[in-house]
Structures are given as structure tokens and as C-alpha cells.
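Welcome, and thanks for taking a look at this model. Please have the sequence and the structure open side by side as you read the notes that follow.

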Amino acid sequence: MTPTDSPADGTEARLERVLGDADIGGDVLSADLGDLGALEVSLDGSEATVTVTLPIPSAEVRTAIEREVAESLSELEGVTALECRFEPDPPDDGERVDFIPAVKNVIAVASGKGGVGKSTIAANLAVALADAGADVGLLDADVYGPNAPTMLGLGDRTPDATPEDEMLPREAHGVKVMSMEFIVGEDDPVIWRGPLVDEFVKQLFGDVKWGMLDYLIVDLPPGTGDAQLSLVQHLPVTGAVIVTTPQPVARDDARRSLEGITRYDIPVLGIAENMAGFECHACGSEHAIFDEGGAEQLATEFDVPVLGKIPIDPEIGASQADTDQPEPPGVSIPGIGRLQLPRTRAERERLTTRKPMVAREEGDSRRAFEVLATRTAARINDFVVTKESGKRGEQDRT
């Protein structure tokens, strides 16, 4: 019996050596998890447990790594059962502010114009990251057109508060959510000048008890106005996702948004292209209804990646599938018509029955959103690692 095969060393050590030589994660993370110190092995009799600490929370990455671990240990003697556990550990560049002291990374989701599906992208990105195990918050900072509560199936009830008068975000699908829609009336227009927008955006950050978060997704209003300025002036934004659709008009507006973001030295994580083709179920063909190639052109021009392409899917718009919604109470007046009364609390808090696309059944849209989330998290990891390497280089030179 060799020293490496002694009972004190045994199967667990051999299991660790096999995993160490297997280049686990090399294809999906461009890094060996063994080199990152992210693999931990334990053995209970012949049942092995491999705990993987992932810098990139991703369902796609988890599936690939689980397969690689199983393949590596498939012929190892002494192991009859294997469990692969995952513990997300997204990177943290250490930049914090008093507003949100426990938030690791702030991701801005921006667009140059409305109607491109920015809020859809933000909501599904948040849910995809949460589904992969990360602690995620979604701030609906689109003060003029808040949509996150509807997309996540939340009513418009005002959030609860702590004894310190901090608002508690509501939760859906593993995501902590705060939105203007929770505070103002459902049909009330928000008509505010810039200083009020600035003050309210600061309150949405500073007066909300977000807790520990790996990612805070911020759904910005379209354009380059007051809310965007407030965000970049008060918060360390890790990076921005720019949302566009393929057609030239949307691409041109997205370009202006992208240039505005870069002027504040905020890294652009990449481009998310929404409405990227429609697959006709009747004929089986894919149609580029809104042209094609818009995201690639922007990505080439600014040297950033295309993070994902989300196809046109009628199900994306089906956030209200509950056809049994009660009609709001009202009074019918002859010659005038029906005057509706405000909805009751029970009606306001009635949840929709449809989930975000990334939380529904398997399909092209769900997979596209999962890819978008994976690439976004990977870009953040790259930025933080590069930043840390630069700091260490400066310290070595001094």
C-alpha cells in the first residue's frame, strides 16, 4: 500500500486528486475551479459530496459543472453515490456607500428609448440570478412608468416599515423588489421635476432595508435624464446592461444611452437585444420582424459583447393570465356612464397567476434569459477580478 492509498488518506484524497486534474469549469468559466480553491470534497462511507463555490451564479454553469464532476468520478473505486452542491459567491470589489452598505454589485439596466422591453429584461435577469442561488434585489427606478410589480405578480400594497422607518422591500421569485408603484396610486401619473426625482431615487436606495445582496438590478427610465444622473452620482455602479431592439431607430437611441453611460466611467457589461426574431409555429420559419444585426453593430462599435438575444414570444406579455379578475365596484349614472370606485385592498393585493418567463416552463425565451444572466454575471466577475489585479499591481510597484 502506497502512502497515498493509506486509510488515513484513502478515497477522499483520491477523489480530490481526480477533481484537481479534471479542469472542472474550464469550458464554462475559462478557469479551473480547483485553481480557484472552489472545490471542497467530503465523503460519508461511499457517498461523496462535492461543494462548488461559484463566482458566477448560473443555472447553465451549474449544469455543466455537475456533468463534469460526475464524469470525472464515474469510475473512481469506493464512490457509489455523488451529490454536487453549489454555493454562489459573486465577487465584491469592496466599493460601498452608506446608502446600501451590504450590496456587492449594482447593475444598471438602461435603454435609449421606451418600448424596447427594458423592464422585461431587468425583471427576468433578476429572477434568473436569484434562481441560480444569488441574493438579488430589483429597484424599479423608472419613476414615470414603474412595471416591476406587475411583471413579478405583486400587488400595489405599500411596503411594511421597520422600527427605524426603513421600508422593507417586497419579495417575489426570490427577488427583493422596491418600486414607485408600491407608493403612488395605480393610475396616478408621476409629474415631477428633476430635483424631486433625484431625492426620490436616493430615498429608494437609502430608506430601503435591502440587506445583504450579491446584485442589485436597477431598472432605469429610458433616455439619459435625472434618474440616470442620480444613480451615477450617488452609487458605485459595477456595470450597465444596454437594452435595444434590432431596428435602426432603437439602435441609434441605445447608442446615445451607451455613450452617456460611458461618460461617467461606468463599465458597459454588454448589449441585450430584445425582440430578436419570431418563430412562426404554423410554418416553422423564423422571421426578423424588426430587422436584425442591431446588437452586433453596437457591440462592434463599442467593443462590448452581446450578452443575449431574446426572441419575440407572445407569452412574455401574458403577465395577467387570471381571467377571473373582479370588476372594480362602481356606480352607473344615466347619461354619464359607470363611475368606478377605488379597488379594495383584497383586489389590489390579488396576485397574477403568470410567472416571469425565466421562471416558467422550458422554452427558447427562458433559455435566452438564463444565458443573458450567465454572461452578465461573468462580465461582472471579469471586471472585478481585473480591477483587483490592477490594485495588486499598483501595490507591488509601490
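**Salt bridges, sheet and core**

Arg 85 and Glu 83 join their side chains in a salt bridge, at 3.1 Å from N to O; the term covers a side-chain nitrogen of Lys or Arg within 4 Å of a carboxyl oxygen of Asp or Glu. The model is predicted: local features need pLDDT of at least 70 and side-chain atom pairs count only at pLDDT 80 or more, while totals for chains, interfaces and linings use all residues. Residues are numbered from 1 along each chain as its sequence is written, and side-chain values use heavy atoms, with hydrogens and water left out.

**Charged pairs**

- The structure holds 10 salt bridges.
- Arg 85 is partly exposed at 43% relative accessibility, and Glu 83 is partly exposed at 38% (buried is under 20% relative accessible area, exposed over 50%, partly exposed in between, with a 1.4 Å probe and protein chains only).
- Lys 104 and Asp 89 form a salt bridge of 3.5 Å, N to O. This pair links distant parts of the chain, with Lys 104 in strand β4 and Asp 89 in the loop between β3 (81-88) and β4, 15 residues apart. Helices (H or I, at least four residues) and strands (E, at least two) are DSSP runs, numbered from the N terminus.
- Lys 104 is buried, with a relative accessible area of 16%, whereas Asp 89 is partly exposed at 41%.
- Lys 118 and Asp 219 meet in a salt bridge of 2.6 Å, N to O. Here helix α4 supplies Lys 118 and strand β8 supplies Asp 219, 101 residues apart; Lys 118 and Asp 219 are both buried.
- Through shared partners, salt bridges join Asp 89, Lys 104 and Asp 214 into one network.

**The sheet**

- Eight strands make an open sheet with mixed pairing, in the order β6-β7-β5-β8-β4-β9-β10-β13; two strands pair if DSSP finds at least two bridges between them.
- β6 (170-172) and β13 (306-310) are the edge strands, each pairing on one side only.
- Strands β9 (239-244) and β10 (268-274) run parallel and are joined by five bridges. Thr 244 has Glu 273 in β10 as its bridge partner.

**Helix α4 and the cores**

- α4 has 14 residues and reaches 20 Å from its first C-alpha to its last, close to the 20 Å expected at 1.5 Å a residue (1.5 Å times one less than the number of residues).
- Of the 14 residues of α4, 13 are buried, so the helix is largely enclosed by the rest of the structure.
- Gly 133 follows α4 and has a positive phi, near 110 degrees.
- The largest nonpolar core has 72 residues, and those with the most contacts inside it include Val 136, Tyr 215 and Ile 242. Such a core is a set of buried Ala, Val, Leu, Ile, Met, Phe, Trp, Tyr and Cys residues joined through side-chain atoms within 4.5 Å.
- Helix α4 (118-131) gives the most to this core, with nine residues.
- Apart from this core lies another of 11 residues, among them Val 50, Leu 54, Ile 65 and Leu 76.

**Around Asp 207**

- Asp 207 sits in the loop between α6 (194-206) and β8 (213-219), and is partly exposed at 31% relative accessible area.
- The C-alpha atoms of Asp 207 and Asp 165 are separated by 7.6 Å, although the two residues are 42 apart along the chain.
- Leaving out residues up to four places away in sequence, Asp 207 touches Asp 165, Glu 166, Met 167 and Lys 202 (contact means heavy atoms within 4.5 Å).
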